[in-house]
Amino acid sequence: MINLGSTKLGMSRWRNQNILSDQTLKNIYGQQALQYFNQDNSSLFVFSDSKSFDLIELEQLLQAVGWGRRPLRRVKRALDNSLLKVGLWQHDPKFPRLIGFARCTGDGVIDATIWDVAINPVYQGYGLGKQLMTYLMRSLKREGISRVTLFADSDVITFYKRQGWTLEPKGNKCAFWYSN
């Protein structure tokens, strides 16, 4: 599992580094935002659970990963009714670009369910999905959530298993369900 609290993230090219000042980070991305720097290409990435989403940009991200179109009004309602929404942005001072997303529903006390985890295919394979999941789990823990389930497509089961998720009915961390 990637440790977001350390300078090493499992790959030497990633660092939790303060490129942006704390005030700038807070103003653009919110209170609990974390920034990570890729030394290979000088890119700055920021995780945030408080920055709002542009619905068109979110729709473009979800289509880039191959998901079907969803009516924007329904996406807005889903976001409004979500317990937690996490975004991953490639920082640009003028126009931060959304490259990752995940959301959770739940009771806000004991249980949460993770939905809609997506990383733009251009950025897949660099460990950003693992970092996004770690940030999301830390955010849930900060809220006192003690049980988390996850719904995912069959083609990404291996990704979650490598992070320690267990398939139901064997465990209680992860559930997969498929509609016919």
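Tutor: pLDDT is the predictor's confidence in each residue, from 0 to 100. This is a predicted model, and the mean pLDDT of the protein is 82, with 82% of the residues reaching 70 or more.

Student: Over which residues does pLDDT stay under 50?

Tutor: That holds for residues 1–12, although the model has 31 contacts for them beyond four places in sequence. Where pLDDT is low, the predicted coordinates should not be read in detail.

Student: Why is the pair of Y29 and W89 called tilted?

Tutor: Ring centres must lie within 6.5 Å to pair, and planes count as stacked under 30 degrees and as edge-to-face over 60. The centres of Y29 and W89 are 6.0 Å apart and their planes stand at 50 degrees, so this pair is tilted. Because Y29 belongs to helix α1 and W89 to strand β4, the pair ties together parts that are 60 residues apart in sequence.

Student: What makes Y29 count as buried?

Tutor: Buried means under 20% relative accessible area, and Y29, at 0% relative accessibility, therefore counts as buried. W89 counts as buried too, because its relative accessibility is 2%.

Student: Why is the pair of F53 and W89 called stacked?

Tutor: Their planes are at 25 degrees and their ring centres 5.5 Å apart, so the pair is stacked, given that stacking requires planes under 30 degrees apart. Y29, F53, W89 and F101 form one aromatic cluster.

Student: How do you know that the charged end of K51 sits over the ring of W89?

Tutor: The definition asks for NZ of Lys within 6 Å of the ring centre and within 35 degrees of the ring normal; the charged end of K51 is 5.4 Å from the centre of the W89 ring and is listed as sitting over it.

How values were computed
Residues numbered from 1 in each chain as written. Predicted model: local features only at pLDDT ≥ 70, side-chain atom pairs only at ≥ 80, totals over all residues. Heavy atoms only, no water. Contact = heavy atoms within 4.5 Å. Helix = DSSP H or I, 4+ residues; strand = E, 2+ residues; numbered from the N terminus. Buried < 20%, exposed > 50% of the residue type's maximum accessible area, 1.4 Å probe, protein only.
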